[in-house]
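Here is a short briefing to read alongside the model. Please keep the viewer open as you go through the points.

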Amino acid sequence: MGPMVPATVGGMENDGMENILRPLIVVGGSVVITLLVGALVDLLLRRADGRHHDTPLWGLLRGCRIPLQLTLCAALLRGSYTHTRLEPVQDHRAGIGQVLTLVLIGASAWLVVRIATAVVDSLYARYAANTADPARVRRVRTQVTLIQRVVTAIVAVVAAGAMLLTFPGMRTFGTSMLASAGVLGIVAGVAAQSTLGNLFAGLQIAFGDMVRIGDTVVVDGEWGTIEEITLTFLAVRTWDERRITMPVSYFTSKPFENWSRGGAQMTGSVFFHLDHSAPVAAMRERLRDVLGECAAWDGRDWSFAVTDTTPSTILVRAVVTAKDPSDIWTVRCAVREELIGWLRDHHPYALPRVATAPAALPPGSEWPYPHRPAHEKPSDLDGSPRTGRG
């Protein structure tokens, strides 16, 4: 009987060591394999990125390292956690397996979204680098943004559905839901009519080339730039840094101004209400000098003409051009400021006035009425002309 005691003790010691080593091997091995695979994939992607400078795909894929490692670790633990033979693990085997399955599904969805985003961003970057037309680049950018959001939404819905189906109770619930799918579909369609309308409007904007990210638009009298387009709303950044959020269905159902469609070049007008004696020819020459000194003017075209007249004033229009909406605003302000200041300093008689007091005379004019005979002057009382004969 004496030799049996050491054997029993030795067996207990072996069992104890095995109970310690098994969890370490299972968990530690999964973590080590995950880290090694992640480091190896990152090394391969870094080398590929260094060899292929023409595409940013490999560099973007390096951002998928964390979801890849999480997916791999969850898969390894899901397949080997029962081999730990720990009593707590055996007692909660179903719950631990459920949690690992949910983590695996979530990590897989995250990995798919990251890979899809990297591929789409890489294609867009190559297209933007090889395309000289900014309007086409903005159009593709808008489409790419909405495609990414659609892919993310689809993957999220599929992942959520897969997670729900892992619960036995949800399978029965899903079967009963399918039995009344017709009624639920009608109810959901009526309840989500506005949401679905915005969704399809967003797709129409993306692929119909109506408006793009970066376009300059005028919406409800507000001038701004399209900053963000989603499947349901659109954000406009105004010139004073405000953000106007509008449903995308607005742009498919109501008129709006898109100053960037067909090219960013623009033509702007500046109007002046002046006295009939205004020196139009001299103003035309001054406008030429002002535009020559204005860096925002693109040099394409300009004009200056009298476009209308009233009993008291004339309407003069200056037409200028610029390469984009921002510069056309700058040119118009510069022309307005310079010409008004020039008239004030050199030809004050040309500015509109109400004839309640004597005004400055034009050069070479003796009376405020240059076309009246010199012997006629205004009456002191009733305004009727009187002669100089007495």
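What follows covers strand pairing, backbone angles, nonpolar cores and a surface patch.

This is a predicted model, where local features need pLDDT of at least 70, side-chain atom pairs count only at pLDDT 80 or more, and totals for chains, interfaces and linings use all residues. Residues are numbered from 1 along each chain as its sequence is written, and side-chain values use heavy atoms, with hydrogens and water left out. Helices (H or I, at least four residues) and strands (E, at least two) are DSSP runs, numbered from the N terminus.

**Strands and hairpins**

- Strand E1 (residues 216-219) runs antiparallel to strand E2 (residues 222-229), and four bridges link the pair; two strands count as paired if DSSP finds at least two bridges between them.
- Val 219 has Glu 222 of E2 as its bridge partner.
- E2 also pairs with strand E3 (residues 233-238), again in the antiparallel sense, over five bridges.
- Within that part of the model, Thr 225 is bridged to Arg 237 in E3.
- The hairpin of E1 and E2 has two residues between the strands, while three residues join E2 to E3 in a hairpin.

- Thr 216 sits in strand E1.
- Thr 216 counts as buried because its relative accessibility is 8%, and buried means under 20% relative accessible area, exposed over 50%, and partly exposed in between (1.4 Å probe, protein chains only).
- Leaving aside residues up to four places away in sequence, Thr 216 touches Trp 223, Gly 224, Thr 225, Glu 257, Asn 258, Trp 259, Ser 260 and Pro 325; contact means heavy atoms within 4.5 Å.

**Positive phi angles**

- Asp 220 lies in the loop between E1 and E2 and has a positive phi of about 55° although it is not a glycine.
- With a relative accessible area of 62%, Asp 220 is exposed.
- Glu 241, also not a glycine, has a positive phi near 70°; Glu 241 belongs to the loop between E3 and strand E4 (243-247).

**Nonpolar cores**

- The largest nonpolar core has 27 residues, and those with the most contacts inside it are Phe 272, Leu 274, Phe 304, Val 331 and Val 335.
- A nonpolar core here is a set of buried Ala, Val, Leu, Ile, Met, Phe, Trp, Tyr and Cys residues joined through side-chain atoms within 4.5 Å.
- A second, separate core of 15 residues includes Leu 146, Ile 226, Leu 234 and Val 248.
- Not counting residues up to four places away in sequence, Leu 274 touches Met 283, Ser 312, Thr 313, Ile 314, Val 316, Leu 343, Ala 350 and Pro 352.

**A nonpolar surface patch**

- Ile 66, Leu 70, Val 99, Val 103 and Trp 110 make a nonpolar surface patch of about 430 Å².
- Accessible areas come from the Shrake-Rupley method with a 1.4 Å probe, and for residues only the protein chains shown count as cover.
- Helix H3 (65-80) and helix H5 (93-130) each supply at least two residues of the patch, with H5 giving the most, three residues.
- Val 103 is in helix H5 and is partly exposed, with a relative accessible area of 34%.

Technical notes. Patch = residues over 30% accessible without salt bridge, like charges linked within 9 Å, V, L, I, M, F, W, Y side chains within 5 Å. Salt bridge = Lys/Arg side-chain N within 4 Å of Asp/Glu carboxyl O.
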